[in-house]
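Biologist: Thanks for making time for this one. Could you take a close look at a single part of the model with me?

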Amino acid sequence: MATTYTIKCRRCSGTGVYTGWTVAGRGGECFGCDGTGSKLITRYTAAEKAAIQERTQRRSRSLKLISSRGRELGTAAKDAELMWDAEYGFAALEDREPDRFAVMLDAVEAGRLDAVIHALVAYYRNP
């Protein structure tokens, strides 16, 4: 089970204000802790890390398939924005509806790529 705890920010020594030099000049709100003075740390077990890595790889594989097939479908249909709209639909579905996103990943892995792409485009174009 993941363990979560808070530590004092080392960049600002817990003050929330960075006093050193930055690209933008000197000082200001600490970018390490967003001015809070502390950071939230989460430690995962080996099994949790493996599950997170598998979800990330599954997402990446699906997005690559959707992008490459979306480019082919867009070229054939003379719809230059089809690939981009499918990718935006992918991101929107992931953010808004994680349960449906998991079902969509299953559909990609089952080989229903064209149907998924058209559904993602419709999801993005008609929110």
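Which residues does aspartate 85 touch, not counting residues up to four places away in sequence?

Modeller: Happy to! Please keep in mind that this is a predicted model. Leaving out residues up to four places away in sequence, aspartate 85 touches Leu120, Val121, Tyr124 and Arg125. Aspartate 85 itself is found in helix α2, which spans residues 82–96. Its relative accessibility is 6%, and because buried means under 20%, aspartate 85 counts as buried. One of those partners also makes a polar contact: the side chains of aspartate 85 and arginine 125 are joined at 2.5 Å.

Another of the partners, tyrosine 124, is worth a visit from its own side. Tyrosine 124 lies in helix α4, residues 113–125. Setting aside neighbours within four places in sequence, tyrosine 124 is in contact with Asp85, Tyr88 and Gly89. With a relative accessible area of 36%, tyrosine 124 is partly exposed, whereas aspartate 85 is buried.

Two packed helices are described by the angle between their axes and the distance between the axes. For helix α1 (residues 46–76) and helix α3 (residues 98–109), the axes come within 10 Å and cross at roughly 60 degrees. The two helices are therefore oblique to each other, and α1 passes α3 in a left-handed crossing. On the α1 side, the residues that meet α3 are Arg58, Arg59, Arg61, Ser62, Leu65 and Ile66. Their counterparts in α3 are Phe101, Ala102, Met104, Leu105, Asp106, Val108 and Glu109. Sorted by class, this contact of α1 with α3 has 7 nonpolar, 1 polar and 5 charged residues.

Not counting residues up to four places away in sequence, arginine 58 touches Ala102, Leu105, Asp106 and Glu109.

Technical notes: Residues are numbered from 1 along each chain as its sequence is written. This is a predicted model: local features need pLDDT of at least 70, side-chain atom pairs count only at pLDDT 80 or more; totals for chains, interfaces and linings use all residues. Side-chain values use heavy atoms; hydrogens and water are left out. Axes are lines fitted to C-alpha atoms, for helices over the stretch in contact, and angles run from 0 to 180 degrees between N-to-C directions. Helices (H or I, at least four residues) and strands (E, at least two) are DSSP runs, numbered from the N terminus. Angles under 35 degrees count as roughly parallel, over 145 as roughly antiparallel, 65 to 115 as roughly perpendicular and the rest as oblique. A crossing is left-handed if the near helix is turned anticlockwise from the far one by less than a right angle, and right-handed if clockwise. Contact means heavy atoms within 4.5 Å. Ala, Val, Leu, Ile, Met, Phe, Trp, Tyr, Cys and Pro count as nonpolar, Asp, Glu, Lys and Arg as charged, and the others, Gly among them, as polar. Buried means under 20% relative accessible area, exposed over 50%, partly exposed in between (1.4 Å probe, protein chains only). A polar contact is a pair of N or O atoms within 3.5 Å; within protein, one must be able to donate a hydrogen and the other to accept it, and residues adjacent in sequence count only if both atoms are side-chain atoms.
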